[in-house]
Amino acid sequence: MKLSELDKGDRAIIKKIDSSEDLKTRLASFGVVRGSELSVEACSIGKQTMEIMVDDTLIGLRAEEAKEIEVEKL
Amino acid sequence: MDTIKIVLAGQPNVGKSMLINSMSGSNGLKVGNFSGVTVEKTELCFEHHCHMFEMIDLPGTYSISGFSQEEKVAHDYLTNEDYDVIINVLDSTHLKRNLLLTLELLKLNKKMVLALNMADEAKKEGIEIDVKQMEKIIGVPVVLVSANTKEGVEELLEKVHEVADSQERIKSNILYSDAMEEEILAIETFLTQKGFSLRDLSNREIAIRLLFEDKDIYKELHDEPIMMELQPIILKALQHLYTHHDTKNVQEIKANEYYAIARGIHLETVNCQRNRGKKSLTKQIDEVLINKYLGIPIFLFLMWGLFQITFTLGAIPMDWIDRAIGSFGDFVGSNISNEFMRNVIVDGIISGVGAVLLFLPNIIILYIGIALLETTGYMSRVAFLLDGFFHKFGLHGKSFIPLVTGFGCSVPAYMAARTLKSEKDRLITLFIIGFMSCGARLPIYVLFTGAFFGADKAGNILFLIYISGALLGLVMAKILRVVVFKGEDEPFVMEMPKYRFPSFTLIWHTVYNNAKSYVKKAGTFILGASVLIWVLATYPNQPLLDKEYQAKIEQQSNKESIKTLENELKMKKMEHSYLGQIGKLTEPFFAPLGFDWKMTVSLEAGLAAKEVVVSTLGVLYAIGDDVDENSNALAHELKKNISFASAISFIVFVMIYLPCLAASMVFAKEAGGYKYLAYLFIFTTVTAWIFSFITYRILL
């Protein structure tokens, strides 16, 4: 399933990242790579943006970017 | 005295600026800001143990292989410039992620020291770091420091000396995944067997770079005969890595490898006693501040507070400054006998510079507010909350603050746009700030709505003016995004930093530097330009006219008619001044909008400052220049001389066209050149003309 489909409080493991090279580099520098575990900490109204936590780092991202990340819910 | 040139590199939010402050603080600080194209790097010098330390503070970046403006600046500097030592600053509480940048920096093969900042915070959170072990693995000196308590800062400086003087590098013991190590060994052995060597790189390092498809190494090896034999080995090795990592993307393989290394180093050197079950303070605050329902109301309340403080509290010192400048002008004026000199100095220079200084309280308060939002970590949350709405118009969540500030005054608004990191987002925001009607335009609106709608309806009309301006701005943002700033949207992926208590010194530095640069840079230009506009409105001298009216006035005994004659003289003088001549010359351009030459002149004078529009109208309609928006006489005159359609068309034009001179100068500086000011001028004038034209034709 996609990261964008998760709700607040869910935990998941990243399976695949389908973004552009540029974004992949950025995500990797945050520790968002295949195999890392994340939890969804907050969603804004209408889930336009969501806050996730990876390795003690809080990251905010747009729904569009979250759609490109394939995860497996824990 | 020897100079050691040091480059500071690190990810954002690791406290780099704070560390610089505490490193140089006791050693005599000399900070100079010089700006690159758009991203600033700070340079400062200080003395330590008979060495001159020259420091370059690079913008904080998560990586140096990315494509963002900051990353390019950092990367280009690190690879092309000449320097002695890199200090890599890391956040001790987020070591794993910070080490990813360290791994990239190691590839530069330069002398380096790791400064693990915020050591005090880490200790408090129960994080223990084995520095010796980390040095052994990475192969560079590691120092625990805290910019806050200054512990370890002296040790860091000592280490920099040592590293700068040493010739030998400690060997690093960084290990990649088994598959990767196997292939590195294969290539390394082959290179050693062939007796190959390149620059100061070890064969292991060459092997790693070949496997990660480093473009530079391939370029260098391209003409070497060894490449022929090497090729099949590399191909085989890559096949192995592809299966191991389940992807054919080398960048991804690299990212995975680096991440695994960072995790490995973290595991071997960091002992975390933290209670896992307990929610961190940051998470608890986030529960409230970015709550789905509470988040936006809380933010709006905070904004309202900041806005109130900026413009109500700011109004008090503004009043003092205004009065001080007024009496200073009178004082100077009474001491200069030469009339020309007196006019230039009092009406030109003093009032021009005064107009600049007048904004200073606003700017300072606003900057304190913004610095607070930034250093506490709340700004990122604001972007998070508002991005959904603003993204629809091609803007970024952070655009909100400059735009709202624009309702008060465009000058601080343009400066507030600096918080936007993406070039495109920032430019679009800068271009539409003017659509948020600033406080100085209010008198014009009040005058015209009062005159043409009556006091009872004026309030609603005013509201309508502000709202339609803002909406138009958003629509324009969308148009700019689609037409001018085309291309992919900047992705929204940002770190939500930990909430921190703001540091007083850091805020003071930011506010002080910004205020200083405003007074210095904007001041000189605005000074020149206001003198110019004043000259245009006052000259050429018309002695004949003066004489004629002097004679007429002397004949009158009635005070009332003397006043009328004086006003008439002012009007005639204005009409024949250069500004008046320009107004008449450009009248045909404004005729389709229903403006006569008097309205045209006021609009043009309004380029200096919007307050001038009302006083110019006062002069031109022969009421005198000491009128304000509440002047009934002027409103009456306007109603008599201007048609309803022309008046509305005038309001629309004022709503959209270029803000005042002070703002224009700040805009040029923030956007990155006068070229952009020319674009802004064309953009706003054309838009204003079109909308005024439509309004005029509809109402006619």
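**A friendly note on chain B and its neighbour**

1. The largest nonpolar core holds 179 residues, and the members that touch the most others are Val113(B), Ala115(B), Val145(B), Val411(B) and Tyr414(B). Helix H30 of chain B, residues 644-656, gives this core its largest share, nine residues. Please keep in mind as you read on that this is a predicted model.

2. Now look at helix H27 of chain B, which spans residues 597-605. How many of the nine residues in this helix are buried? The count is nine of nine, so the helix is mostly covered, a residue being called buried if 20 or more other C-beta atoms lie within 10 Å of its own. The buried residues include Trp597(B), Met599(B), Val601(B) and Leu603(B), and also Lys598(B) and Glu604(B).

3. Next come the strands of chain B. Strand E1 (residues 2-10) pairs with strand E4 (residues 51-57) of chain B in the parallel sense, over seven bridges. To find this pairing on screen, look for Thr3(B), which stands opposite Met52(B) in E4(B). E1(B) also pairs with strand E5 (residues 85-91) of chain B, again in the parallel sense, over five bridges. Here Leu8(B) has Ile87(B) in E5(B) as its bridge partner.

4. How do the two chains meet? On the chain B side, 30 residues are in contact with 31 residues of chain A. Several elements of chain B each supply at least two residues to this side: helices H3 (95-106), H11 (250-269), H12 (281-289) and H17 (378-391), and strand E10 (493-496). H17(B) gives the most, with six residues. Sorted by class, the side of chain B that touches chain A has 13 nonpolar, nine polar and eight charged residues.

5. Do strand E4 of chain A (residues 57-62) and E10(B) run parallel or antiparallel? They run antiparallel, and four bridges join them. Within this pairing, Gly60(A) has Met494(B) in E10(B) as its bridge partner. Take care with the labels here: E4 of chain A covers residues 57-62, whereas E4 of chain B covers residues 51-57.

Notes
Residues are numbered from 1 along each chain as its sequence is written. Chains are lettered from A and ligands numbered from 1 in the order in which they are written. This is a predicted model: local features need pLDDT of at least 70, side-chain atom pairs count only at pLDDT 80 or more; totals for chains, interfaces and linings use all residues. A residue is buried if 20 or more other C-beta atoms lie within 10 Å of its own, exposed if 12 or fewer, and partly exposed in between; C-beta atoms are placed from the backbone. Two residues are in contact if their C-beta atoms, placed from the backbone, lie within 7 Å. Ala, Val, Leu, Ile, Met, Phe, Trp, Tyr, Cys and Pro count as nonpolar, Asp, Glu, Lys and Arg as charged, and the others, Gly among them, as polar. Two strands pair if DSSP finds at least two bridges between them. A nonpolar core is a set of buried Ala, Val, Leu, Ile, Met, Phe, Trp, Tyr and Cys residues joined through C-beta atoms within 7 Å.
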